[in-house]
Amino acid sequence: MLRDITLGQYYPADSVIHRLDPRVKLVGTLVFLVSLFLFPGFSGYLLATFVLFSVIKLSKVPFKFMVKGMKAILFLLLITMGFNLFLTQGEPLVSFWIFTITKEGLYQALKMGIRLSYLVIGSSVMTLTTTPNQLTDGLEKGLSPLKKIHVPVHEIAMMMSIALRFIPILMEETDKIMKAQIARGADFESGNIFQRVKNMIPLLVPLFISAFRRANDLAMAMEARCYHGGEGRTQMKPLAYKKRDRIAYLLIFLYLAASIAWRIWGGALF
């Protein structure tokens with residue numbers, strides 16, 4: 001399951017999505033995530049589905065690789081849908097023991113399931129098609145107006161980029177530690193949920209030690225290269241908008257306008 005986490009990983013490919021400016025992908029991802037909360041009914045998610053699958057097709061990232069990231073949040077997804085399914089008041093459909101499934105609860109559970117799944121997949125598209133360096137440059141450039149009010153934009157962008165980059169590294173480290181302890185007789189599968197959580201303690205200690213060691217090595221490497229923040233630093237490949245980026249911006253804002261229109265006039269639709 002640890003290898004199924006796709007957030008923070010980069011999938012190299014020669015596609016139009018990979019070649020887009022990272023600022024375009026950041027804005028596009030933000031617009032897509034916001035649009036998921038605008039649709040009043042399932043009909044709006046048809047538009048989101050079409051856009052999401054079109055972008056995945058253009059990115060040339062295998063769909064199976066994109067979807068396998070859902071395995072990591074399957075437990076959270078089931079809990080979220082379960083709470084909405086059984087705790088939403090409304091017209092009863094099925095009753096058993098102390099549980100009652102209502103029409104409104106079923107509707108809300110399906111809606112939340114689709115929304116959470118698209119949130120993860122939509123975010124994964126950005127990280128899978130954007131290198132950490134591009135992501136840092138895009139964040140810094142996009143948030144540069146905040147420098148006028150003394151917001152440490154470069155430091156914030158660097159921290160977010162490093163955090164995303166460390167996700168697959170820590171997952172790989174966790175997998176190695178887990179396999180090493182299983183080879184020594186550790187058991188992470190048997191027992192109830194409380195016993196499994198207790199069995200994870202010997203896994204967390206070496207993982208934290210490894211994470212702090214990697215952070216210290218990274219800090220020493222940055223200091224050895226005279227890194228002192230973004231002030232006065234130049235870029236090897238400065239970001240510049242091209243024709244494809246302007247077309248992408250136009251499509252993004254057309255999608256946003258369609259989402260808002262759906263919110264205003266599509267409430268009566270299913």
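The protein has 11 helices and two strands, and the model described here is a predicted one. The C-alpha trace spans about 65 × 55 × 40 Å along its principal axes, and 34% of the 270 residues of the protein count as buried. Among the contacts in the protein with a separation of 6 or more, 73% are accounted for by residues 24 or more positions apart.

**Helices α3 and α11**

- Helix α3, which covers residues 42–59, packs with helix α11, which covers residues 243–265, at an angle of about 170°, and the axes of the two helices are 10 Å apart.
- Since an angle over 145 degrees counts as roughly antiparallel, α3 and α11 are therefore roughly antiparallel to each other.
- On the α3 side the residues that take part are Ser-43, Gly-44, Leu-47, Ala-48 and Val-51, and in α11 they meet Tyr-255, Ala-258 and Trp-262.
- Sorted by class, this contact of α3 with α11 has six nonpolar and two polar residues, and no charged residues.

**The largest nonpolar core**

- The largest nonpolar core has 29 residues, of which Phe-32, Ala-48, Leu-52, Met-66 and Tyr-255 touch the most other members.
- At least two residues of this core are supplied by each of α2 (22–35), α3, α4 (63–67), α6 (103–128) and α11.
- The largest share of the core comes from α3, which contributes six residues.
- Phe-32 is in contact with Ala-48, Leu-52, Tyr-118, Gly-122 and Tyr-255, when its neighbours within four places in sequence are left aside.

**Aromatic residues**

- The structure holds six aromatic pairs, and one of them, formed by Tyr-249 and Phe-253, is stacked, with 6.2 Å from centre to centre and 20° between the planes.
- Both Tyr-249 and Phe-253 lie in helix α11, where they are four residues apart, about one turn of the helix.
- Tyr-249 counts as buried because its relative accessibility is 18%, whereas Phe-253, at 45% relative accessibility, counts as partly exposed.

**Buried residues in a helix and a strand**

- Gln-181 is placed in helix α8, which runs over residues 153–183, and Gln-181 is buried because its relative accessible area is 18%.
- Apart from neighbours within four places in sequence, the residues in contact with Gln-181 are Ala-186, Phe-188, Pro-202, Leu-203 and Pro-206.
- Thr-102 has its place in strand β2, which covers residues 99–102, and with a relative accessible area of 4% Thr-102 is likewise buried.
- Not counting residues up to four places away in sequence, Thr-102 touches Leu-85, Thr-88, Gln-89, Gly-90, Glu-91, Pro-92 and Leu-93.

**Residues in loops**

- Lys-60 is found in the loop between α3 and α4, and although Lys-60 is not a glycine, it has a positive phi of about 65°.
- Lys-60 has a relative accessible area of 54%, and so Lys-60 is exposed.
- His-150 lies in the loop between α7 (132–142) and α8, and its phi is near 65°, which is a positive value in a residue other than glycine.
- His-150 counts as exposed because its relative accessibility is 73%.
- Lys-147 also lies in the loop between α7 and α8, and at 42% relative accessibility Lys-147 counts as partly exposed.
- When neighbours within four places in sequence are left aside, Lys-147 is in contact with Glu-140 and Val-153.

How values were computed: Residues numbered from 1 in each chain as written. Predicted model: local features only at pLDDT ≥ 70, side-chain atom pairs only at ≥ 80, totals over all residues. Heavy atoms only, no water. Buried < 20%, exposed > 50% of the residue type's maximum accessible area, 1.4 Å probe, protein only. Contact = heavy atoms within 4.5 Å. Axes fitted to C-alpha atoms, helices over the stretch in contact; angles between N-to-C directions. Parallel < 35°, antiparallel > 145°, perpendicular 65-115°, else oblique. Nonpolar A, V, L, I, M, F, W, Y, C, P; charged D, E, K, R; others polar. Core = buried A, V, L, I, M, F, W, Y, C linked by side-chain atoms within 4.5 Å. Phe/Tyr/Trp six-rings, centres within 6.5 Å; stacked < 30°, edge-to-face > 60°.
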